[in-house]
Amino acid sequence: MGEERHPLPRSGGGSGWGPVSAIHLTKLLAWLSPSFPVGGFSYSHGIEAAVERNLVRDRDTLARWMDGILRHGAGRTDGMLFAAAHRAVLAGDEAGFAWAVERADAMRASAETALESRAQGQAFLIAVRAAWPLDGMERWDRVIAGTGRPVAYAVAVALAAALIGVPEGPALSAYLHAFAANLVSAGVRLVPLGQTDGQKALAALDSVVHSAAEAALAAPLDDLGSRAMAVDWTSMIHETQYTRLFRS
């Protein structure tokens, strides 16, 4: 990867699949709920362009498209950076956390996916600071400010989860599930599909979410990257699509 400004955060999750206490579970559910004010409903991650070109046209094609995103696209990249950020916070590793912030901001294939990640990340931290103040947040706010970059959504959620003590495995699985649910909801509106078909698609993706989380937690950071070229292409062409309901 060439010379790094910061050292790579440590790999390996330790007790990353430990239990989640009830008090922490409800916080995580609130933060990843559709009602949490991050504006997730306004992003499709290129699915709107995929529907326009008949690449996504029914429940099965939506589920396959989402499988690719989770295993090979943003699910993989953001999952690895989520793990890096979470581990850095638990270790008190400010340089490692700054590395994750910088990489998560830079590793976007299109302007719209960058906007999607940055806008939701910043909105997430604003809402957490206002309504769910967390001990130790000020330290990591200073690290983020020192990078001169906006924080990505995955890194923002990883930071909050680490600060309340949710292990990386359950936290990342919850994050990827919420990410998938939001995009399935976009697909339901765009194709359009019925609500039951949307739930069937999400159910089909449940094992994919867990597999993607496990793969991201185990992957070495020098293998960081994605290979979802069709998703990247639809995101790019969405920028000039004539009619659009979504911001990405």
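Q: Is Tyr153 buried or exposed in this predicted model?
A: The cut-off for buried is under 20% relative accessible area. Tyr153 has 12% relative accessibility. Tyr153 therefore counts as buried.

Q: Which class, buried or exposed, does Tyr175 fall into?
A: The same cut-off of under 20% applies. Tyr175 has a relative accessibility of 3%. That value is under the cut-off, so Tyr175 counts as buried.

Q: How many aromatic pairs does a search of the whole structure find?
A: A pair of aromatic rings is described by the distance of the centres and the angle of the planes. Ring centres within 6.5 Å make a pair. Searching the whole structure on that basis, the number of aromatic pairs is seven.

Q: Which kind of pair do the rings of Phe97 and Trp140 form?
A: The ring centres of Phe97 and Trp140 are 5.1 Å apart. Their planes meet at 70°. Planes over 60 degrees apart set the class, so the Phe97 and Trp140 pair is edge-to-face.

Q: How many residues apart in sequence are the parts that the pair of Phe97 and Trp140 ties together?
A: Phe97 sits in helix H5, residues 94-106. Trp140 sits in helix H7, residues 137-147. Both residues are buried. The pair therefore ties together parts whose separation in sequence is 43 residues.

Q: Which helices hold Tyr153 and Tyr175?
A: Tyr153 and Tyr175 also pair edge-to-face, with 5.5 Å between centres and 70° between planes. The pair links distant parts of the chain, 22 residues apart. Tyr153 belongs to residues 153-164. The helices are H8 for Tyr153 and, for Tyr175, H9.

Q: Which residues do ring pairs link into a cluster?
A: Tyr153 and Tyr175 form one of the pairs. Phe124 touches Trp31, Phe36 and Tyr153, among others. Ring pairs link a cluster of Trp31, Phe36, Phe82, Phe124, Trp132, Tyr153 and Tyr175.

Q: Which element gives the most to the lining of the largest cavity?
A: The largest cavity holds about 80 Å³ of space. Its lining includes Tyr153, Tyr175 and Phe179. Helix H4 (74-91), H6 and H9 each give two or more residues. The top contribution is four residues, from H6.

Q: How many charged residues are in the lining of the largest cavity?
A: The lining includes Asp78, Arg108 and Glu116. Asp, Glu, Lys and Arg count as charged. Beside four nonpolar and four polar residues, the number of charged residues is three.

Q: Which helix supplies the largest share of the lining of the largest pocket?
A: The largest pocket has a volume of about 640 Å³. Of its 31 lining residues, Ala178, Ala181 and Asn182 are among the closest to its centre. Helix H1 (22-31), H6, H9 (168-190) and H10 (195-204) each supply at least two lining residues. The largest share is 11 residues, from H9.

Q: Which helices do the buried residues of H12 pack against?
A: H12 spans residues 229-238. Its buried residues are Val231, Thr234, Ser235, Ile237 and His238. They pack against helices H2 (47-52), H3 (59-72) and H6 (111-131).

Technical notes: Residues are numbered from 1 along each chain as its sequence is written. This is a predicted model: local features need pLDDT of at least 70, side-chain atom pairs count only at pLDDT 80 or more; totals for chains, interfaces and linings use all residues. Side-chain values use heavy atoms; hydrogens and water are left out. Buried means under 20% relative accessible area, exposed over 50%, partly exposed in between (1.4 Å probe, protein chains only). Contact means heavy atoms within 4.5 Å. On a 1 Å grid over the protein atoms alone, a cavity is a set of points where a 1.4 Å probe fits but cannot get out, and a pocket is an open set with protein on both sides within 12 Å along at least five of seven lines; lining residues have an atom within 4 Å of a point. Grid points are joined across faces, edges and corners, and a volume is the space filled by probe spheres set on the points. Rings of Phe, Tyr and Trp (its six-membered ring) pair if their centres lie within 6.5 Å; planes under 30 degrees apart count as stacked, over 60 as edge-to-face and the rest as tilted. Lists of a residue's contacts leave out its neighbours within four places in sequence.
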